[in-house]
Amino acid sequence: MRISIATDSLDGVASLIGDELERRGHLVTRYGAVADPTDTDWARVSADAARDVAGGMADMAIVACWTGTGASIAANKVPGIRAALCTDAVTAAGARTWNNANVLALSLRLVSAPTLVEILDAWFATPASTQADDLVSVSYLNTLDHLPPND
Ligand SMILES: O=C(CO)[C@H](O)[C@H](O)COP(=O)(O)O
């Protein structure tokens, strides 16, 4: 797969994300600190990676910051993106199954190297659900991109 990744620092597992993806045979595009250590704007670099997915230049993205919250919020601002902040493999599997998540957001504070491997194992092994109720929910989620606030 083509996977865009972004981090706002080189803390924790930041550098391992791209290395682990390449070890699994994915084609990785790097944004933010993992491309240039001085590029630390979590909002912009997360949106850059998410835009690759929305624009069809990447199949998925992984965005990370210290908490994971800013990275996930920024990615979710990009129309077409369903970013999920995951701290363990069970959450990652659920994000793929129920949310058809196309961006994985990570906390560099919370995710250790072994947990990163578990999360990636679950993320890539789990397809999106084809159950009718899940398809309805994800379809509704996609309409939210185009609704004015409060509608
Ligand atoms: O978690 C984050 C945003 O959600 C950032 O990684 C955090 O704010 C970065 O802090 P600093 O600029 O002090 O390194």
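This section describes the sheet of the model and the packing of its helices. The structure is a predicted model, in which local features need pLDDT of at least 70 and side-chain atom pairs count only at pLDDT 80 or more, while totals for chains, interfaces and linings use all residues. Residues are numbered from 1 along each chain as its sequence is written, and side-chain values use heavy atoms, with hydrogens and water left out.

An open sheet of 5 strands is present, with the order 2-1-3-5-4 and parallel pairing; helices (H or I, at least four residues) and strands (E, at least two) are DSSP runs numbered from the N terminus, and two strands pair if DSSP finds at least two bridges between them. Strand 2 and strand 4 (83-85) form the edges, each pairing on one side only. On average, and with direction ignored, neighbouring strands of this sheet are turned by 20 degrees against each other. Strand 1 (residues 2-7) runs parallel to strand 2 (residues 27-32), and 6 bridges join the two. Within this pairing, arginine 2 stands opposite leucine 27, and isoleucine 3 stands opposite valine 28. Together with helix 1 (residues 14-23), strand 1 and strand 2 make a right-handed β-α-β unit (with the strands pointing away from the viewer, the path from the first strand over the helix to the second runs clockwise).

Two packed helices are described by the angle between their axes and the distance between the axes. Axes are lines fitted to C-alpha atoms, for helices over the stretch in contact, and angles run from 0 to 180 degrees between N-to-C directions. The axes of helix 1 and helix 5 (residues 113-125) lie 11 Å apart, at an angle of about 45 degrees. Helix 1 is therefore oblique to helix 5 (angles under 35 degrees count as roughly parallel, over 145 as roughly antiparallel, 65 to 115 as roughly perpendicular and the rest as oblique). The contact (heavy atoms within 4.5 Å) involves Leu16, Ile17, Glu20 and Leu21 of helix 1, together with Ala113, Leu116, Val117, Leu120 and Phe124 of helix 5. By class, these residues comprise 8 nonpolar, no polar and 1 charged (Ala, Val, Leu, Ile, Met, Phe, Trp, Tyr, Cys and Pro count as nonpolar, Asp, Glu, Lys and Arg as charged, and the others, Gly among them, as polar).

Helix 5 also meets helix 4 (residues 89-97), where the axes come within 8 Å and cross at roughly 25 degrees. Helix 4 and helix 5 are therefore roughly parallel to each other. Ala89, Ala92, Ala93, Ala95 and Arg96 of helix 4 make this contact with Glu118, Ile119, Ala122 and Trp123 of helix 5, a set that divides into 7 nonpolar, no polar and 2 charged residues.
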